[in-house]
Amino acid sequence: MTNNEPTGAKTLSPPPEVVDVHCRIGPGRPGEDRPAETVLQEMDASGVRQAWICPMDPFAAVRNAQGNSMIAQRVQAHAGRFIGCAMANPWYGNDALAEL
């Protein structure tokens with residue numbers, strides 16, 4: 001053999017791009033907060049390239065418009081790192097549809 005590689009050696013491919021498809025962000029229950037800067041630091045430390053973000057509990061269940069607005073602001077501020085997920089509570093019927 002003219003090649004110094006052991007028989008059956010495989011070439012390592014680069015690690016896959018990691019995308020977190022469910023990431024909660026922003027204020028939550030009393031004493032609970034996940035600022036964008038903290039989430040970005042955690043993503044960088046874990047090798048996560050991009051995250052789909054949605055608001056924490058109070059904005060996911062009830063205050064959808066406020067949560068969706070906050071998510072849109074975070075996506076705009078960190079374009080390429082965050083993808084926003086809108087929330088609409090089906091209990092609000094047509095108002096929920098209008099929010100989307």
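Modeller: In this predicted model, two strands count as paired if DSSP finds at least two bridges between them.

Colleague: Which residue of S3 is the bridge partner of Val19?

Modeller: Strand S1 covers residues 18-27 and strand S3 covers residues 48-55; the two run parallel and are joined by 6 bridges. Within S3, the residue bridged to Val19 is Gln50.

Colleague: Is Asn89 buried or exposed?

Modeller: Asn89 is placed in the loop between strand S4 (82-84) and helix H4 (94-99). Leaving aside residues up to four places away in sequence, Asn89 touches Ala61, Asn64 and Ala96. Its relative accessible area is 9%, and the limit for burial is under 20%; Asn89 is therefore buried.

Colleague: Which residue has its backbone nitrogen 2.9 Å from a polar atom of the Asn89 side chain?

Modeller: The contact pairs a side-chain polar atom of Asn89 with a backbone nitrogen, at 2.9 Å. That nitrogen belongs to Trp91.

Colleague: What distance separates the end C-alpha atoms of helix H3?

Modeller: Helix H3, residues 64-77, has 14 residues. The expected span is 1.5 Å times one less than the number of residues, so H3 should span 20 Å. In agreement with this, the separation of its end C-alpha atoms is 20 Å.

Colleague: How wide is the arc that the buried residues of H3 cover around the axis?

Modeller: The buried residues of H3 are Asn64, Gly67, Asn68, Met70 and Ile71. They lie on the same side of H3, because the arc that they cover around the axis is only 160 degrees.

Colleague: Which residues are exposed on the other side of H3?

Modeller: The buried residues of H3 pack against S1, S3, helix H2 (57-61), S4 and H4. On the other side of H3, the exposed residues are Gln76 and Ala77.

Colleague: What distance separates the C-alpha atoms of Ser46 and Val18?

Modeller: Ser46 and Val18 are 28 residues apart along the chain. The separation of their C-alpha atoms is 9.1 Å.

Definitions and conventions:
Residues are numbered from 1 along each chain as its sequence is written. This is a predicted model: local features need pLDDT of at least 70, side-chain atom pairs count only at pLDDT 80 or more; totals for chains, interfaces and linings use all residues. Side-chain values use heavy atoms; hydrogens and water are left out. Helices (H or I, at least four residues) and strands (E, at least two) are DSSP runs, numbered from the N terminus. Buried means under 20% relative accessible area, exposed over 50%, partly exposed in between (1.4 Å probe, protein chains only). A polar contact is a pair of N or O atoms within 3.5 Å; within protein, one must be able to donate a hydrogen and the other to accept it, and residues adjacent in sequence count only if both atoms are side-chain atoms. Contact means heavy atoms within 4.5 Å. The arc is that of the directions from the helix axis to the C-beta atoms.
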